[in-house]
Amino acid sequence: MLATPAPVSLASALLPAQGWKSSRSLLWRGKRRTCSRKGNSSLIIAKFELKPPPYPLSALEPHMSRETLEYHWGKHHRGYVDNLNRQIVGTELDGMTLEDIITITYNKGDLLPAFNNAAQVWNHTSFWESMKPGGGGEPSGDLLELIKRDFGSFERFVEEFKLAASTQFGSGWAWLAYKANRLDVGNAVNPRPSEEDKKLVVVKSPNAINPLLWDCNPLLTIDVWEHAYYLDFQNHRPDYISIFMEKLVSWEAVSSRLEMAKAQVANREREEERRKRAEEEEQMPYSEAVKMYLESDGDGDDSEAE
(Lines give C-alpha, C1' and ligand atoms only; values in the text may rest on other atoms or scores of the structure.)
Protein backbone atom coordinates (compact mmCIF):
# COMPACT_ATOMS: atom_id res chain seq x y z
CA MET A 1 0.00 0.00 0.00
CA LEU A 2 1.04 3.57 -0.54
CA ALA A 3 2.83 4.75 2.57
CA THR A 4 3.53 8.33 3.58
CA PRO A 5 5.72 8.19 6.69
CA ALA A 6 6.10 11.20 8.94
CA PRO A 7 9.58 12.78 9.10
CA VAL A 8 11.57 11.77 12.15
CA SER A 9 13.40 14.02 14.57
CA LEU A 10 16.99 15.01 13.91
CA ALA A 11 18.23 13.03 16.91
CA SER A 12 16.42 9.93 15.67
CA ALA A 13 17.44 10.42 12.06
CA LEU A 14 21.09 10.53 13.01
CA LEU A 15 21.02 6.94 14.22
CA PRO A 16 20.97 5.19 10.84
CA ALA A 17 23.55 7.56 9.41
CA GLN A 18 25.93 6.85 12.27
CA GLY A 19 25.46 3.11 11.96
CA TRP A 20 25.57 2.94 8.16
CA LYS A 21 28.07 5.64 7.30
CA SER A 22 29.87 3.64 4.61
CA SER A 23 27.25 1.11 3.55
CA ARG A 24 24.59 3.72 2.84
CA SER A 25 26.37 4.54 -0.41
CA LEU A 26 24.75 1.70 -2.40
CA LEU A 27 25.85 2.36 -5.99
CA TRP A 28 26.59 6.05 -5.61
CA ARG A 29 29.71 6.55 -7.70
CA GLY A 30 28.98 10.25 -8.09
CA LYS A 31 29.94 11.29 -4.56
CA ARG A 32 33.66 10.63 -4.34
CA ARG A 33 35.51 13.26 -2.34
CA THR A 34 38.63 14.86 -3.76
CA CYS A 35 40.95 17.68 -2.79
CA SER A 36 42.23 20.30 -5.20
CA ARG A 37 44.52 23.32 -4.99
CA LYS A 38 43.54 26.68 -6.43
CA GLY A 39 46.45 27.88 -8.54
CA ASN A 40 49.52 28.40 -6.39
CA SER A 41 47.42 28.98 -3.30
CA SER A 42 47.85 26.77 -0.26
CA LEU A 43 44.06 26.60 0.08
CA ILE A 44 42.80 23.03 -0.33
CA ILE A 45 39.14 22.68 -1.24
CA ALA A 46 37.38 19.36 -0.55
CA LYS A 47 34.47 18.79 -2.90
CA PHE A 48 31.95 16.34 -4.32
CA GLU A 49 32.42 15.32 -7.94
CA LEU A 50 29.82 15.12 -10.68
CA LYS A 51 30.01 11.73 -12.38
CA PRO A 52 28.15 10.88 -15.58
CA PRO A 53 25.34 8.33 -15.67
CA PRO A 54 26.53 4.71 -15.99
CA TYR A 55 25.79 4.74 -19.75
CA PRO A 56 26.33 7.15 -22.68
CA LEU A 57 23.97 10.13 -22.73
CA SER A 58 22.29 8.83 -25.89
CA ALA A 59 21.93 5.24 -24.63
CA LEU A 60 18.34 5.62 -23.39
CA GLU A 61 16.98 6.82 -26.73
CA PRO A 62 14.31 6.78 -28.06
CA HIS A 63 12.68 6.64 -24.62
CA MET A 64 14.77 9.43 -23.07
CA SER A 65 16.64 11.70 -25.43
CA ARG A 66 20.26 12.75 -25.34
CA GLU A 67 19.01 16.35 -25.18
CA THR A 68 17.13 15.57 -21.96
CA LEU A 69 20.22 13.95 -20.39
CA GLU A 70 22.46 16.86 -21.46
CA TYR A 71 20.01 19.31 -19.95
CA HIS A 72 18.97 17.32 -16.85
CA TRP A 73 22.33 15.81 -15.89
CA GLY A 74 24.62 18.38 -17.51
CA LYS A 75 22.90 21.45 -16.11
CA HIS A 76 20.54 20.61 -13.22
CA HIS A 77 22.60 17.86 -11.57
CA ARG A 78 25.83 19.78 -12.17
CA GLY A 79 24.29 22.88 -10.62
CA TYR A 80 23.37 20.97 -7.44
CA VAL A 81 26.93 19.62 -7.11
CA ASP A 82 28.54 23.03 -7.69
CA ASN A 83 26.17 24.79 -5.29
CA LEU A 84 26.71 22.18 -2.58
CA ASN A 85 30.48 22.50 -2.82
CA ARG A 86 30.23 26.28 -2.44
CA GLN A 87 27.89 25.94 0.55
CA ILE A 88 29.96 23.48 2.59
CA VAL A 89 33.50 24.80 2.04
CA GLY A 90 34.92 25.95 5.37
CA THR A 91 31.95 24.68 7.38
CA GLU A 92 31.59 21.72 9.73
CA LEU A 93 29.86 19.88 6.87
CA ASP A 94 33.02 19.85 4.79
CA GLY A 95 34.40 16.30 4.87
CA MET A 96 31.15 14.60 5.92
CA THR A 97 29.45 11.94 3.82
CA LEU A 98 26.63 13.09 1.60
CA GLU A 99 24.16 11.04 3.65
CA ASP A 100 25.23 12.71 6.89
CA ILE A 101 24.97 16.16 5.31
CA ILE A 102 21.41 15.34 4.20
CA THR A 103 20.44 14.08 7.66
CA ILE A 104 21.92 17.00 9.57
CA THR A 105 20.70 19.77 7.26
CA TYR A 106 17.16 18.37 7.20
CA ASN A 107 17.02 19.81 10.72
CA LYS A 108 13.61 18.43 11.78
CA GLY A 109 12.05 19.84 8.62
CA ASP A 110 13.41 23.34 9.20
CA LEU A 111 15.81 22.97 6.30
CA LEU A 112 19.32 24.37 6.47
CA PRO A 113 20.78 25.95 3.31
CA ALA A 114 22.77 22.94 2.09
CA PHE A 115 19.92 20.45 2.33
CA ASN A 116 18.27 20.87 -1.06
CA ASN A 117 21.51 20.70 -3.02
CA ALA A 118 22.87 17.74 -1.03
CA ALA A 119 19.64 15.74 -1.31
CA GLN A 120 19.28 16.52 -5.01
CA VAL A 121 22.82 15.31 -5.70
CA TRP A 122 21.95 12.04 -3.94
CA ASN A 123 18.52 11.72 -5.56
CA HIS A 124 19.75 12.32 -9.09
CA THR A 125 22.58 9.80 -8.79
CA SER A 126 20.00 7.27 -7.63
CA PHE A 127 17.77 8.16 -10.58
CA TRP A 128 20.47 7.66 -13.22
CA GLU A 129 21.40 4.31 -11.70
CA SER A 130 17.73 3.23 -11.60
CA MET A 131 17.77 3.08 -15.41
CA LYS A 132 19.63 1.21 -18.13
CA PRO A 133 19.42 0.78 -21.90
CA GLY A 134 16.95 -1.98 -22.67
CA GLY A 135 15.46 -1.87 -19.19
CA GLY A 136 11.94 -2.55 -18.00
CA GLY A 137 10.19 -5.89 -17.89
CA GLU A 138 9.93 -7.76 -14.59
CA PRO A 139 12.50 -8.38 -11.85
CA SER A 140 13.38 -11.88 -10.68
CA GLY A 141 14.58 -13.71 -7.59
CA ASP A 142 14.15 -12.37 -4.07
CA LEU A 143 13.10 -8.92 -5.29
CA LEU A 144 10.14 -10.31 -7.23
CA GLU A 145 9.13 -12.55 -4.33
CA LEU A 146 9.12 -9.60 -1.91
CA ILE A 147 7.16 -7.46 -4.36
CA LYS A 148 4.52 -10.21 -4.64
CA ARG A 149 4.44 -10.65 -0.87
CA ASP A 150 4.12 -6.97 -0.02
CA PHE A 151 1.94 -5.74 -2.91
CA GLY A 152 0.03 -8.86 -3.92
CA SER A 153 1.47 -9.00 -7.43
CA PHE A 154 4.02 -7.28 -9.64
CA GLU A 155 1.18 -5.65 -11.58
CA ARG A 156 -0.27 -4.22 -8.36
CA PHE A 157 3.13 -2.81 -7.41
CA VAL A 158 3.43 -1.11 -10.81
CA GLU A 159 -0.01 0.44 -10.33
CA GLU A 160 0.93 1.80 -6.90
CA PHE A 161 4.27 3.14 -8.11
CA LYS A 162 2.65 4.87 -11.09
CA LEU A 163 -0.04 6.30 -8.81
CA ALA A 164 2.54 7.71 -6.42
CA ALA A 165 4.53 9.26 -9.27
CA SER A 166 1.52 10.73 -11.05
CA THR A 167 -0.14 12.16 -7.93
CA GLN A 168 2.97 13.83 -6.45
CA PHE A 169 1.78 17.42 -6.73
CA GLY A 170 4.34 19.75 -8.26
CA SER A 171 7.97 18.72 -8.03
CA GLY A 172 9.23 15.61 -6.30
CA TRP A 173 9.99 11.90 -6.50
CA ALA A 174 8.38 8.46 -6.22
CA TRP A 175 10.29 5.62 -4.59
CA LEU A 176 10.33 1.91 -3.94
CA ALA A 177 12.04 1.54 -0.57
CA TYR A 178 12.97 -1.19 1.89
CA LYS A 179 11.70 -0.42 5.38
CA ALA A 180 13.28 -2.16 8.34
CA ASN A 181 11.33 -3.38 11.35
CA ARG A 182 11.01 -0.01 13.05
CA LEU A 183 7.86 1.44 14.53
CA ASP A 184 6.53 4.63 12.93
CA VAL A 185 7.45 6.54 16.08
CA GLY A 186 10.81 8.20 15.77
CA ASN A 187 13.43 5.50 15.49
CA ALA A 188 11.84 3.10 17.97
CA VAL A 189 12.71 -0.58 17.84
CA ASN A 190 9.94 -3.07 17.21
CA PRO A 191 9.65 -5.11 20.46
CA ARG A 192 8.56 -8.23 18.54
CA PRO A 193 10.38 -8.08 15.20
CA SER A 194 9.91 -10.63 12.47
CA GLU A 195 11.21 -10.93 8.92
CA GLU A 196 7.81 -9.85 7.61
CA ASP A 197 8.23 -6.52 9.41
CA LYS A 198 10.97 -5.78 6.89
CA LYS A 199 8.97 -4.84 3.86
CA LEU A 200 8.89 -2.98 0.58
CA VAL A 201 6.91 0.25 0.49
CA VAL A 202 6.05 2.79 -2.19
CA VAL A 203 6.41 6.38 -1.05
CA LYS A 204 6.42 9.78 -2.71
CA SER A 205 8.27 12.85 -1.56
CA PRO A 206 8.14 16.57 -2.41
CA ASN A 207 11.03 18.63 -3.74
CA ALA A 208 14.36 17.13 -2.52
CA ILE A 209 13.04 14.96 0.34
CA ASN A 210 14.02 11.29 0.14
CA PRO A 211 13.30 8.12 2.18
CA LEU A 212 16.66 8.21 3.98
CA LEU A 213 14.95 10.67 6.33
CA TRP A 214 12.33 8.03 7.19
CA ASP A 215 14.86 5.30 8.03
CA CYS A 216 14.17 3.53 4.74
CA ASN A 217 16.58 2.25 2.09
CA PRO A 218 15.67 3.63 -1.34
CA LEU A 219 15.78 0.95 -4.03
CA LEU A 220 14.19 2.62 -7.07
CA THR A 221 13.24 6.20 -7.88
CA ILE A 222 11.70 8.28 -10.64
CA ASP A 223 12.20 12.04 -10.88
CA VAL A 224 8.87 13.79 -11.48
CA TRP A 225 10.22 17.32 -11.55
CA GLU A 226 9.01 18.78 -14.83
CA HIS A 227 12.52 19.23 -16.20
CA ALA A 228 12.98 15.43 -16.04
CA TYR A 229 10.50 14.79 -18.87
CA TYR A 230 9.26 18.00 -20.49
CA LEU A 231 11.57 17.96 -23.52
CA ASP A 232 10.46 14.43 -24.44
CA PHE A 233 6.88 14.29 -23.14
CA GLN A 234 5.83 17.92 -22.65
CA ASN A 235 3.15 17.94 -19.93
CA HIS A 236 2.25 14.25 -20.30
CA ARG A 237 3.70 12.96 -17.04
CA PRO A 238 1.73 9.67 -17.07
CA ASP A 239 3.29 8.74 -20.43
CA TYR A 240 6.77 9.42 -19.06
CA ILE A 241 6.07 7.27 -15.99
CA SER A 242 4.80 4.38 -18.11
CA ILE A 243 7.86 4.48 -20.39
CA PHE A 244 10.12 4.57 -17.34
CA MET A 245 8.55 1.42 -15.88
CA GLU A 246 8.21 -0.48 -19.17
CA LYS A 247 11.45 0.45 -20.97
CA LEU A 248 14.02 1.97 -18.61
CA VAL A 249 14.05 0.45 -15.09
CA SER A 250 17.22 -1.46 -14.22
CA TRP A 251 15.92 -4.28 -12.05
CA GLU A 252 19.49 -5.51 -11.65
CA ALA A 253 20.39 -2.27 -9.87
CA VAL A 254 17.25 -2.48 -7.71
CA SER A 255 18.04 -6.09 -6.75
CA SER A 256 21.61 -5.14 -5.85
CA ARG A 257 20.37 -2.32 -3.63
CA LEU A 258 17.93 -4.70 -1.93
CA GLU A 259 20.73 -7.10 -1.04
CA MET A 260 22.80 -4.22 0.36
CA ALA A 261 19.81 -2.94 2.31
CA LYS A 262 19.18 -6.35 3.89
CA ALA A 263 22.84 -6.60 4.87
CA GLN A 264 22.77 -3.11 6.39
CA VAL A 265 19.67 -3.91 8.42
CA ALA A 266 21.23 -7.17 9.67
CA ASN A 267 24.42 -5.35 10.68
CA ARG A 268 22.44 -2.69 12.51
CA GLU A 269 20.42 -5.29 14.39
CA ARG A 270 23.60 -7.07 15.48
CA GLU A 271 25.10 -3.78 16.65
CA GLU A 272 21.93 -2.88 18.55
CA GLU A 273 21.94 -6.29 20.24
CA ARG A 274 25.61 -5.88 21.17
CA ARG A 275 24.93 -2.44 22.66
CA LYS A 276 21.92 -3.77 24.56
CA ARG A 277 23.98 -6.59 26.11
CA ALA A 278 26.76 -4.15 27.02
CA GLU A 279 24.27 -1.82 28.72
CA GLU A 280 22.71 -4.70 30.65
CA GLU A 281 26.12 -5.87 31.82
CA GLU A 282 27.03 -2.35 32.96
CA GLN A 283 23.88 -2.21 35.08
CA MET A 284 24.38 -5.70 36.50
CA PRO A 285 25.65 -5.97 40.10
CA TYR A 286 29.32 -6.96 40.26
CA SER A 287 28.64 -10.30 41.98
CA GLU A 288 26.18 -11.36 39.28
CA ALA A 289 28.58 -10.35 36.52
CA VAL A 290 31.37 -12.42 38.11
CA LYS A 291 29.01 -15.39 38.52
CA MET A 292 27.93 -15.11 34.87
CA TYR A 293 31.56 -14.98 33.78
CA LEU A 294 32.51 -18.00 35.87
CA GLU A 295 29.53 -20.00 34.64
CA SER A 296 30.36 -19.10 31.05
CA ASP A 297 34.01 -20.03 31.62
CA GLY A 298 33.00 -23.30 33.23
CA ASP A 299 30.79 -24.20 30.27
CA GLY A 300 33.74 -23.67 28.00
CA ASP A 301 35.95 -25.99 30.12
CA ASP A 302 33.29 -28.71 30.09
CA SER A 303 33.00 -28.58 26.34
CA GLU A 304 36.78 -28.87 25.99
CA ALA A 305 36.86 -31.84 28.36
CA GLU A 306 34.33 -33.65 26.23
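Two strands pair if DSSP finds at least two bridges between them. Helices (H or I, at least four residues) and strands (E, at least two) are DSSP runs, numbered from the N terminus. This is a predicted model, where local features need pLDDT of at least 70, side-chain atom pairs count only at pLDDT 80 or more, and totals for chains, interfaces and linings use all residues. Residues are numbered from 1 along each chain as its sequence is written, and side-chain values use heavy atoms, with hydrogens and water left out.

- Three strands, in the order 4-3-5, form an open sheet of 3 strands with antiparallel pairing.
- Strand 4 (199–206) and strand 5 (216–223) are the edge strands, and each pairs on one side only.
- Strand 3 (residues 172–179) runs antiparallel to strand 5, joined by 7 bridges.
- Opposite Ala 177 stands Pro 218 in strand 5.

**Helix 8**
- Helix 8 spans residues 237–248.
- Its buried residues (under 20% relative accessible area, 1.4 Å probe, protein chains only) are Arg 237, Tyr 240, Ile 241, Phe 244, Met 245 and Leu 248.
- Seen down the axis of helix 8, these residues fall within an arc of 130°, so they line one face of the helix. The arc is that of the directions from the helix axis to the C-beta atoms.
- The cover over them includes helix 4 (115–129), helix 6 (154–167), strand 5, helix 7 (230–233) and helix 9, with contact meaning heavy atoms within 4.5 Å.

**Gln 264**
- Gln 264 lies in helix 9 (residues 251–283).
- Gln 264 counts as buried because its relative accessibility is 3%.
- From Ala 180, Gln 264 is 84 residues apart in sequence and 9.7 Å apart in space, C-alpha to C-alpha.

Key: Buried < 20%, exposed > 50% of the residue type's maximum accessible area, 1.4 Å probe, protein only.
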